[in-house]
Amino acid sequence: MKKSSLCGECGLPAQGFLYKHNDVYYGSCSMEHLERIKERIEKGEKLARKTYTNNLGVQYARKQSKEKYLEIAKQTGSFELHKWSNEQRDSFFNTIILNYLDFESELGNDNGSDEIL
Ligand SMILES: [Zn+2]
C-alpha cells in the first residue's frame, strides 16, 4: 500500500485516513475531508482527479532533475523557465516526469498490494 498518497479532497498528503469503496481506497488528510470524500462518492459525484502524485516521488524527481535544470540554465544563461525555449522546457519537464515514473515503477516493484487513489 502506498503511504504517501494525497488527500482526494484537498491534495495535501494523506494521513492514514482511508475510505474504501468498490475495492478502491481513497486517501484523506483528515476526518473532515474523509467525510466529504465519502459524501461525494456516495452521491455518485466524480472526484476531480483519479490519480494523485506521490509526494516522495515528486521530491525524488525534483532532486534527480537538478542536473538537467543547471545544464539548461547554463545554456540559456537564465534560471527562469519562461526565458527558456519550448524545446528546453519540454526537455526539462521530460526529465522530471521520467524521474518520477522511475520512482513509481520502483515502488510498483516493491509491492503488489492495494493502490490508493
Ligand atoms: Zn484534505
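Buried residues make up 16% of the 117 residues in this chain. The model is a predicted one. Its secondary structure consists of four helices and two strands. Read from the N terminus, the order is β-β-α-α-α-α. Of the contacts between residues at least 6 apart in sequence, 50% link residues at least 24 apart.

**The strand pair**

- Strand β1 covers residues 17-21, and strand β2 covers residues 24-28.
- The two strands run antiparallel, and five bridges join them.
- Within this pairing, K20 sits opposite Y25 of β2.
- β1 and β2 make a hairpin, with two residues between them.
- In that turn, N22 has a positive phi of about 45°.

**Helix α1**

- Helix α1 takes in residues 31-42, a run of 12 residues.
- At 1.5 Å a residue, α1 should span 16 Å; its end C-alpha atoms are 16 Å apart, so the two values agree.
- After α1 comes G44, which has a positive phi, near 80°.

- Three names make up the buried set of α1: H33, L34 and I37.
- These residues lie on the same side of α1, because they cover an arc of only 105° around the axis.
- As a general rule, an α-helix has 3.6 residues a turn, so residues three or four places apart point the same way.
- The buried residues of α1 pack against both β1 and β2.
- On the face turned away from the buried side, α1 carries the exposed residues M31, E32, E39 and E42.

**S28, a buried strand residue**

- S28 belongs to strand β2.
- S28 has 26 C-beta neighbours inside 10 Å, and 20 or more are needed, so S28 counts as buried.
- L18 is 10 residues from S28 along the chain, yet their C-alpha atoms are separated by 6.1 Å.
- Neighbours within four places in sequence aside, the contacts of S28 include C7, G8, E9 and A14.
- F17 and Y19 are also among the contacts of S28.

**Putting it together**

- The hairpin of β1 and β2 is what the buried residues of α1 pack against.

How values were computed. Residues numbered from 1 in each chain as written. Predicted model: local features only at pLDDT ≥ 70, side-chain atom pairs only at ≥ 80, totals over all residues. Buried ≥ 20, exposed ≤ 12 C-beta atoms within 10 Å, placed from the backbone. Contact = placed C-beta atoms within 7 Å. Pairing = 2+ DSSP bridges. Expected span 1.5 Å × (residues − 1). Arc of directions from axis to C-beta.
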